[in-house]
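Trainee: I have a model open and would like to learn how to read it. Where do we start?
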Amino acid sequence: MKPMERSEVEKFIRELEQQLKVVVDFGENLLVKTGEGKIRLVPPDVFEAAMVMPGVQQMGLYVAKWRRYPTLTIEGCMFLCSADHTAVVELDREQALTWMKGGPVDVGKKAQLVIGVYRGFYLGSAVVDRTGRAYPQIPKWRRIPE
Amino acid sequence: MSLVISEELRNFLLTLLPERLDLLLEHYAKPLPETFRVNTLKTSVERCLQLLREDGVEPRPIPWTRHGFYAEPQGIVSTSIWHLLGLVYIQGPVSMLVSETLEVEPGHRVLDLCAAPGSKSTHIAQLLGGKGLLVSNDVSRTRVKALSSNLQRCGVVNVVVTLADGRWFGNRVKGFFDRVLVDAPCSSLGIGMKDWSVLKHYSQRISQRISRLQKSLIFSGFKALRPGGIMVYATCTLHPLENEAVVAELLEKFDDASLVDIATLGLEHDRGLEEWNGLFFGSEMRKTIRIYPFQSGAEGFFMAKIVKKESG
C-alpha cells in the first residue's frame, strides 16, 4: 500500500468538487489506494507504524471509491465541509431504510451523483439514473437484509 | 428446551461455587439483557439517546460504564438504522468494563491482541478519540473480516488491522505499546447463557488445552508492552486454569510484571483465587477480579490488570 501523490490527491478532491459538488477536508491524513478504486484515509503516524507490524491487512478508514466518478462512503462523509444543495437529498425514514437496503430511492432529477442525509446523518453517495432513481453505493455487508 | 450441563462442569462448579451453584444455573437459563454503547466517535450521548427514545427505546445507564446503556424493550436498538450507521455498538455490560480498565488516553499506542469481532477494539478507539494508534490483531481470516467491518462502521481512523498469530506478535514489536489488551480465547463458561451447548459439552481438558495457548498469548502481549505500560488480561470464563494460573505464570516468568487493583465502579465481584484444587497462585491474585453472571446480571468475566515496571 502506497500513499497517493499530492497531485493525485488534488485531482481527486477537484473531481469531488466538480462531480459530487462537495468540499472535503482530509486534513494532514494520507490517502491510500487499496484496489477496486477504493481509497482509505490513514493518519501519517498510523501509516508509519503499520510498516513495522506483522500481517497488516488494512489501515485507516475506507472513505471513497474513485473509478469513472468519485463517490464517498458513509464514513467518508465524516470529512465533508460543505455540499451544494443540488448534491444532497433529504430522506425520510422509509427512504433512508430503502437506501440502507441498497435502493433504489426516487430522488428526482437533481444530479448524477447525490449524497443522502437522514436526520442530519450522511448515508454516503448514490448514482442517479436518467429517471431520477438513486442507487446508493452501500457495500453488501452494510445493507439491511431484505 | 431445558439447560443441561456436563457432569464434569457440574463437578467443577461444585468445587468452585458450592453455595452459589443454583444461582449460577439460574442465570445460565436466562437470556442476556440487551446493552449497547454509544459511539462518541460519531455522535454525542445526548443526541444518540434522543434518537433512540424517538424509536421507542428506554435507555438506562449501566452504572460502571461511561457510555453504556441497557436497552428496553429489547430488539429495537440492534435492528435500528442507528446501529447500521455506527452510532451504537451492541456490547455486553461487563465487556465494556474490560476496555475501561485499560485506562486508555488519547495519543496512546494500544494493541488488542485477540480483537475480533471488535467490541473492545471499537471501544478502545472511542477512548483514543482519534488520537494515537490502535492495532487490532486476530489470528482468523474470517473473524478479521468482521473486525474490519465493525471498525469501519464505527468510523475508526487511527487503526491498523493485522492477521497474525498472537503468540508471536510480541516478539516482533517488543516494548512498542503503551497499552495491551489480551482478551484471550477461552472456554466461555461466563457466557454459557448465549450458547448452552458450551455447558453441555464442557470438559476440563478444554481448559487445560486453552490454558497453554493463553499463557503464550499473555507472554507475547507483555513483551509488546513498554515499561510503565498497562496490560489487561481478560477471559469470559470461570476456570482458574484459564485465569489465575495464566496470570501467576506470567508473574513467575517476568520479574518486571506486577498486578494492580481494578476499579470496578460499583460492580459486584469476587477477588481472584489464591489457590484452587491444590494449586497455589499467591496472594497477589487477590488484585484480580472474578465477576459472575449472578453479580453482573449479564456475562461472567475474569480480569487482571498488569503493569510493566520501569527499569531502574
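**Reading the model feature by feature**

Mentor: Start with a loop. Pro73(B) sits in the loop between strand S3 (68–72) and helix H4 (81–84) of chain B. Keep in mind that this is a predicted model.

Trainee: What is the peptide bond from Glu72(B) to Pro73(B), cis or trans?

Mentor: Read omega. The bond from Glu72(B) to Pro73(B) is cis, with omega near -5°. A cis peptide bond also joins Ala116(B) and Pro117(B), where omega is about 0°. Pro117(B) lies in the loop between strand S5 (109–112) and helix H6 (119–128) of chain B.

Trainee: Next, phi. Which value does Glu36(A) have?

Mentor: Phi of Glu36(A) is near 55°, a positive value in a residue other than glycine. Glu36(A) is in the loop between strand S2 (30–33) and strand S3 (38–42) of chain A. Phi of Asn277(B) is near 55° too, again positive in a residue other than glycine. Asn277(B) belongs to the loop between strand S12 (275–276) and strand S13 (279–280) of chain B.

Trainee: Is Asn277(B) buried or exposed?

Mentor: Exposed means over 50% relative accessible area. Asn277(B) is at 65%, so it counts as exposed. Glu36(A), at 54%, counts as exposed as well.

Trainee: And Ser258(B), buried or exposed?

Mentor: Buried means under 20%. Ser258(B) has a relative accessible area of 18%, so it is buried. Its place is in strand S10 (residues 257–260) of chain B. Leaving out residues up to four places away in sequence, Ser258(B) touches Leu251(B), Lys305(B), Ile306(B), Val307(B) and Lys309(B).

Trainee: How do I read the two faces of a strand?

Mentor: In a regular strand, side chains alternate between the two faces of the sheet. Take strand S12 (residues 133–136) of chain A. Its covered face has Ala134(A) and Pro136(A). Its uncovered face has Arg133(A) and Tyr135(A).

Trainee: Which strands pair with S12(A)?

Mentor: Strand S9 (residues 105–106) of chain A pairs with S12(A) in the antiparallel sense, over two bridges. There, Asp106(A) stands opposite Arg133(A). Strand S11 (residues 121–128) of chain A also runs antiparallel to S12(A), joined by three bridges. Here Val127(A) stands opposite Tyr135(A). S11(A) and S12(A) form a hairpin with four residues between them. In the turn, Gly132(A) has a positive phi of about 90°.

Trainee: How about a helix?

Mentor: An α-helix has 3.6 residues a turn, so residues three or four places apart point the same way. Look at helix H10 (residues 204–224) of chain B. It has 21 residues and reaches 30 Å from its first C-alpha to its last, close to the 30 Å expected. Its buried residues include Ser207(B), Ile210(B), Ser211(B), Gln214(B) and Ile218(B).

Trainee: Which residues have the most contacts inside the largest nonpolar core?

Mentor: Phe177(B), Tyr233(B) and Ile306(B), in a core of 63 residues. Phe177(B) touches, among others beyond four places in sequence, Met53(A), Leu133(B), Phe169(B) and Ala224(B). A second, separate core has 38 residues, including Val104(B), Ala115(B), Leu127(B) and Cys186(B).

Trainee: Last item, cavities. How many of 30 Å³ or more does the structure hold?

Mentor: One. The largest cavity has a volume of about 60 Å³. Its lining includes Arg40(A), Met59(A), Leu61(A), Leu151(B) and Val159(B). Strand S4 (56–59) of chain A, with helix H7 (141–153) and strand S7 (159–163) of chain B, are the elements that give two or more residues to this lining. H7(B) gives the largest share, three residues.

Key:
Residues are numbered from 1 along each chain as its sequence is written. Chains are lettered from A and ligands numbered from 1 in the order in which they are written. This is a predicted model: local features need pLDDT of at least 70, side-chain atom pairs count only at pLDDT 80 or more; totals for chains, interfaces and linings use all residues. Side-chain values use heavy atoms; hydrogens and water are left out. A nonpolar core is a set of buried Ala, Val, Leu, Ile, Met, Phe, Trp, Tyr and Cys residues joined through side-chain atoms within 4.5 Å. Buried means under 20% relative accessible area, exposed over 50%, partly exposed in between (1.4 Å probe, protein chains only). Contact means heavy atoms within 4.5 Å. Two strands pair if DSSP finds at least two bridges between them. The expected span of a helix is 1.5 Å times one less than its number of residues. On a 1 Å grid over the protein atoms alone, a cavity is a set of points where a 1.4 Å probe fits but cannot get out, and a pocket is an open set with protein on both sides within 12 Å along at least five of seven lines; lining residues have an atom within 4 Å of a point. Grid points are joined across faces, edges and corners, and a volume is the space filled by probe spheres set on the points.
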